[in-house]
Structures are given as structure tokens and as C-alpha cells.
Amino acid sequence: RKKSGKTCTLPPPDPVVFLLQVLTDPPLMFCDEPTSGLDSFMAQNVVSVLAGMARKGKTVVCTIHQPSSEVFSLFDKVLLMAEGRVAFLGAPDHACRFFSQLGAGCPSNYNPADFFVQLLAVVPSREESCRQTIEMVCDAFQRSEYGLKVQHDADAGNELMAKPPHSWEEELFLVDTSPYKASWWAQFRAVLWRSSLSVFKEPQLIKVRMLQTVMVALMIVLIYYGQTLDQDGVMNINGVIFICLTNMTFQNVFAVINVFCAELPIFMREHANGMYRVDVYFLCKTLAETPVFLVLPLLFISLPYYLIGLNPEPTRFFLACLIIVLVANVATSFGYLISCISSSVSMALSIGPPIVIPFMLFGGFFLNNDSVPSYFKWLSYLSWFKYGDEALLINQWQGVDEIACTRSNATCPRTGHVVLETLSFHEEDFWLDIVNLGALIIAFRFFAFLSLLSRTMRS
């Protein structure tokens, strides 16, 4: 016996519930009519599995009605009760011997279980005589060698339990204080494998998301193809950069916003059964989906980059890919946070978009960075739109020394520095924006984990 050992109670047969409970490797199992609704062959298979577990050192207690003779022979011990008293407790062959000594031996070619049930049943219109028979059998068992041995074992157990806690708890219960049967690494490997299967078991969904990414990228190319460095091109390039940020945000937020809240009932049940830790589940779930959120942003920015006419330097292209990947993963982390704090998918879908809108407003496209009200300044620091837009625009316009002006009567930025200055973006903040995007990924995921952890502590 261990303090950390789990007692597993299995309800009437449900294969899924049975499998999930057995996976936790409980040392003690209470099975409530595990053969109900099964034919004799399937009932024998179920009891054979339970008998195999018992041979491996588990304690398996079953309540079972009308077992076949084959099932009855698989039991190590049988407990017969009638009118609230113990009529017999011991090995099946000892039960037949005990009733034979009372002059009520089981006939040959007769199921012993059926015989004992009929012998100890209270038959209508014969209640008094049946109760006298039951009382005689129970009294005889108490005086028999079987009953005396049971009483001796019970008295020994009572003496053990009566000892001070420090003497028996330390010996029996405090051997292993961990509620989990497997090590952290074993849990991590198993849950990561399952999470990976759940992500890639639907290749059609991945193909649809990839097709969606390609279609949006091609649409952007058709609209913004071949931009030149003039005042119109500046406006268009700034607009397409912000559209890329917006698409990466909403595409990735809605891709994961239902992940945790949809699986919450299953997770809570499996965690309560000691199958895996909260940190293992959260880490594996996010790691399994990471490849998708690396490939799709790279595909999205690679297709239109040179076709639109963004900064052609190879270094700038790779930096743009890095920024888009970071923005996509910040949005994913924010989606995880919304999913963890939401009680249902519908609630997550309801609160997600309204929360994203303020962050988008502080991105520098709709509102100049220096025009943000002081009471909202703190919120702008949490906007990945702000850091992503600033980093991408610096990556695009830094070092651009000449912008053509095709209309003399229009206000025209002559250099890339003027474009950034107009938006109140500072070139020296480029790497700070990269660091802030990475920090937001960590912060959002950390608070998502804390939200998930708090749910398990409240349950």
C-alpha cells in the first residue's frame, strides 16, 4: 500500500473508460459488474484480463452476477453475502467443500455460482425458512476454519491501523509521494507522441491550411505585384506589410483557439487519474504543433516577397522571414492563452477577436506610435503588431536613400529614414523589437500554462 497509490473504480462496462483507467496502472481496482451485457465468451475474456493483472501483483475486486462456471474458476477468492452477512470468504474450491460439509454440496455438472445464489436467495412465500437457512450458513462460516482465519487476518489489520501514524505511514504510505506512475521523461515521450499523432492524423486539414496560406499569398501578389519605390509604392508596401501581420495573427489565433478548451474534459480526467503532469501536457501539445507554425509563415512570406518588390537584399529577406515566424508564434501563444482561460470553444471564439482588435490598433498603421494616449500606452507594449510592424518596416526602409517622387504636388518621403520618421519608428529599436516578440511568445505561453494549472488546482 502506498499513499500515492490510486484506487480505481470501474463502472459497468465501458471499453474506453476501462482502458483509460487501466493505463494509470492502479494497484487497487474495484470493478462494478464488468461483465454486464456481455456474452459468456467475452465475459470470460474480460475476467481473464483482470486475473492476469491480479497475478502481476494488483488487487482486483469485482462484483459480478451469474458468472459462468469458467469465470467462477478464474477467481482467487469469492465472497458470498446474504442479508448483510458474510456467508463465505475464501477460495472457490474451498467454498464447494464448505457447503458440502453443511450437507448442501453442489451437484456435479452444475455451475457453483448459480447453486450458491439459489441457496442464499430469499424466495417469496418462503422468507422465514430462507432467512433461517442464511443465518445457519453464516453462523457456521464464523465457526469454521475459514471464518476463524478471516477474523484473525481482520484483527491483525485492525492492530496495524491502530498504530501511531509515524510507525505505519512511514513504512507503508510514504514510500513514494509522487502521484504519477511514470517518470517525467516517460510521460513527455508518450504525450508528445500522442499529440503529434493528433496533429498529423488529419493530413487533409494540414493541406487545407497550406492551401489557404498559398491562396492568400497569391491574392496579395495579384494586388500588390511589382511595386516601385515612389510615394505610391511606399504607401502600398507599408499596407501589404501590415496585411501580412494581420493575416498571420488571425490565421494562427483561430487555428489554436479551441485546442485546450475542446480537450479540457479529457485532460482533466486523465490528469486526475495520474496519467501525466500539467506541464508535460502543455509542453507536448505546443511542441507538437510547432512545425506547422514554422512552415506556414515561411511559406506565406516567401511567395510574395520578391514578386511584390520588397527589399531584395538576401539578409533582409531572411530577417523578414524571422519576423513573420515570430509574429505567427506570438499570435499562436495568444491563442493558447485565450483557449486556456475559456471554458468552451464558443466562449473562446467570442472573446478572442475583440481582444485582438486593440492590439491591432496600436500597430502603427491606424494610429501613429507617438499618438497613443498615455492611459493606453501600457497596452501598446503588449502589441505584437507594434513590434512586428516596426521591425518589418525598418527591415524594408533602412538604408533606402532615394525614393522617386512622381507628383510634385504631393508630399513625398525622399528616403527610407523619412518614411520611418513619419510613423515614429526608430531604426535603433530593430533588435529590441525582435527581443520583445520573443518575450511575448514566452509570456503568453507562461500565462496560458498558469491558467491551465489553476484549472486543475480548482477541480
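Reader: Is Lys 285 buried or exposed, and at what relative accessibility?

Author: Lys 285 has a relative accessibility of 6%, so it counts as buried; the word buried means under 20% relative accessible area, exposed means over 50%, and partly exposed lies in between, with a 1.4 Å probe and protein chains only. Please keep in mind that this is a predicted model, in which local features need pLDDT of at least 70 and side-chain atom pairs count only at pLDDT 80 or more, while totals for chains, interfaces and linings use all residues. Residues are numbered from 1 along each chain as its sequence is written, and side-chain values use heavy atoms, with hydrogens and water left out.

Reader: With which residue does the side chain of Lys 285 meet in a salt bridge?

Author: A salt bridge is a side-chain nitrogen of Lys or Arg within 4 Å of a carboxyl oxygen of Asp or Glu. Here Lys 285 meets Glu 263, at 2.8 Å from N to O, and the pair links distant parts of the chain, with Lys 285 in helix α13 and Glu 263 in helix α12, 22 residues apart. Helices (H or I, at least four residues) and strands (E, at least two) are DSSP runs, numbered from the N terminus. Glu 263, at 27% relative accessibility, counts as partly exposed.

Reader: What is the nearest side chain of opposite charge to Glu 390?

Author: For charge, Lys and Arg count as positive and Asp and Glu as negative, whereas His and the chain ends are not counted. Glu 390, found in helix α17 (residues 384–397), is buried yet has no salt bridge, and the nearest side chain of opposite charge is Lys 386, 4.2 Å away. A polar atom of the Glu 390 side chain does, however, lie 3.2 Å from the backbone nitrogen of His 426. If contact is taken as heavy atoms within 4.5 Å, and neighbours within four places in sequence are left aside, Glu 390 is in contact with Phe 425, His 426, Asp 429 and Asp 433.

Reader: How many aromatic pairs are found in the whole structure?

Author: A pair of aromatic rings is described by the distance of the centres and the angle of the planes. Rings of Phe, Tyr and Trp (its six-membered ring) pair if their centres lie within 6.5 Å, and planes under 30 degrees apart count as stacked, over 60 as edge-to-face and the rest as tilted. The search finds 35 aromatic pairs. The rings of Phe 267 and Tyr 281 have centres 4.5 Å apart and planes at 20 degrees, so this pair is stacked. Phe 267 lies in helix α12 (residues 259–272) and Tyr 281 in helix α13 (residues 278–308), so the pair ties together parts 14 residues apart in sequence, and both residues are buried.

Reader: Which residues contact Phe 317, leaving aside its neighbours within four places in sequence?

Author: Phe 317 is in contact with Ser 302, Tyr 305 and Tyr 306.

Conventions
Polar contact = N/O pair within 3.5 Å; in protein donor to acceptor, adjacent residues only side chain to side chain.
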